[in-house]
Amino acid sequence: MIDNSNSDTVLGPSQKIFLVALSFFLVVLLFFFRTGFKANEMLDQLAKNSLEPEIALSNGKPTVFEFYADWCEACKEMAPDMVNAEKLNSNKIDIVLLNVDNSRWFDLIDKYDVTGIPQLTFFDDQGEFKGFSLGIRKYSELNEIFLALINNSELPSFTKLSNSSNLISKNNLKVLNNNIRSEGPRDHS
């Protein structure tokens, strides 16, 4: 009599290749999910630590509004640098996260002409508008901005060598106001 029980457990070459490919796919998927969840956790952490905008603007500290969205990949990319910069300056500056998908913030989105995200909007210690930045800011850039706000000095100017856009100060905002606003941060095609 021939024992066929072992032949059922032996995998053919195509089955082995399939299992290796499936394992590789699952490892890559796990890596991306883990990284994405960590960035979302950081955004959630910043949002939970945020003051109400009115309180932040009136408490005698410079303030940064970050307009963001949970689905925004650029916002997720900037989140670790924002968390680290916020920790370094937590007693000297207020960071307020405002989700553009939350109707509660639509008035501020309109008031500060948010046309893309992430947008950082800067205020001095008296709550006066100082400027804004549209796009990703790296840790060193965030620290320079925060230091300028804390010292009530002029905001730094950055080149477009990274994925960052130039800072817009109150002085050159007049030029931008002549442009026609065609879409908001939630309008994507």
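A nonpolar surface patch of about 560 Å² is formed by Leu11, Phe18, Leu19, Leu22, Phe25 and Leu26 in this predicted model. Patch members have over 30% relative accessible area and no salt bridge; like charges are joined within 9 Å, and nonpolar side chains (Val, Leu, Ile, Met, Phe, Trp, Tyr) within 5 Å. A salt bridge places a side-chain nitrogen of Lys or Arg within 4 Å of a carboxyl oxygen of Asp or Glu. Areas were computed by the Shrake-Rupley method with a 1.4 Å probe, and for residues only the protein chains shown count as cover. Leu19 belongs to helix H1 (residues 13-49). Its relative accessible area is 39%, so Leu19 is partly exposed. Here, buried means under 20% relative accessible area, exposed over 50%, and partly exposed in between. Helices (H or I, at least four residues) and strands (E, at least two) are DSSP runs, numbered from the N terminus.

Residues are numbered from 1 along each chain as its sequence is written. Local features need pLDDT of at least 70 and side-chain atom pairs count only at pLDDT 80 or more, while totals for chains, interfaces and linings use all residues, and side-chain values use heavy atoms, with hydrogens and water left out.

Strand S2 (residues 94-99) has six of its six residues buried, so the strand is largely enclosed by the rest of the structure. In a regular strand, side chains alternate between the two faces of the sheet. Both faces of S2 are covered. Asp94, Val96 and Leu98 are buried on one side, and Ile95, Leu97 and Asn99 on the other. S2 pairs with strand S1 (residues 63-68) in the parallel sense, over six bridges. Pairing requires that DSSP finds at least two bridges between two strands. Within this pairing, Glu66 stands opposite Leu97 of S2. From S1 the chain passes through helix H3 (residues 73-88) to S2, in a right-handed β-α-β crossover. Right-handed means that, with the strands pointing away from the viewer, the path from the first strand over the helix to the second runs clockwise.

Aromatic rings were examined next. Rings of Phe, Tyr and Trp (its six-membered ring) pair if their centres lie within 6.5 Å; planes under 30 degrees apart count as stacked, over 60 as edge-to-face and the rest as tilted. Phe65 is buried at 0% relative accessibility. Tyr112 is also buried, at 15%. Tyr112 and Phe129 form a stacked pair, at 6.4 Å centre to centre and 20° between the planes. Phe129 lies in strand S4 (residues 129-134), so the pair with Tyr112 links parts 17 residues apart in sequence. Ring pairs join Phe65, Phe67, Tyr112, Phe123 and Phe129 into a cluster.

Backbone exceptions complete the picture. Most residues other than glycine have a negative phi, and most peptide bonds are trans. Ile117 and Pro118 are joined by a cis peptide bond, with omega about -5°. Pro118 lies in the loop between helix H4 (106-111) and strand S3 (119-123). Asp113 lies in the loop between H4 and S3. Its phi is positive, near 50°. Asp113 is partly exposed, at 36% relative accessibility. Asn152 has a positive phi of about 55°. Asn152 sits in the loop between helix H5 (139-150) and strand S5 (167-169) and is partly exposed, at 47%.

Conventions. Buried < 20%, exposed > 50% of the residue type's maximum accessible area, 1.4 Å probe, protein only.
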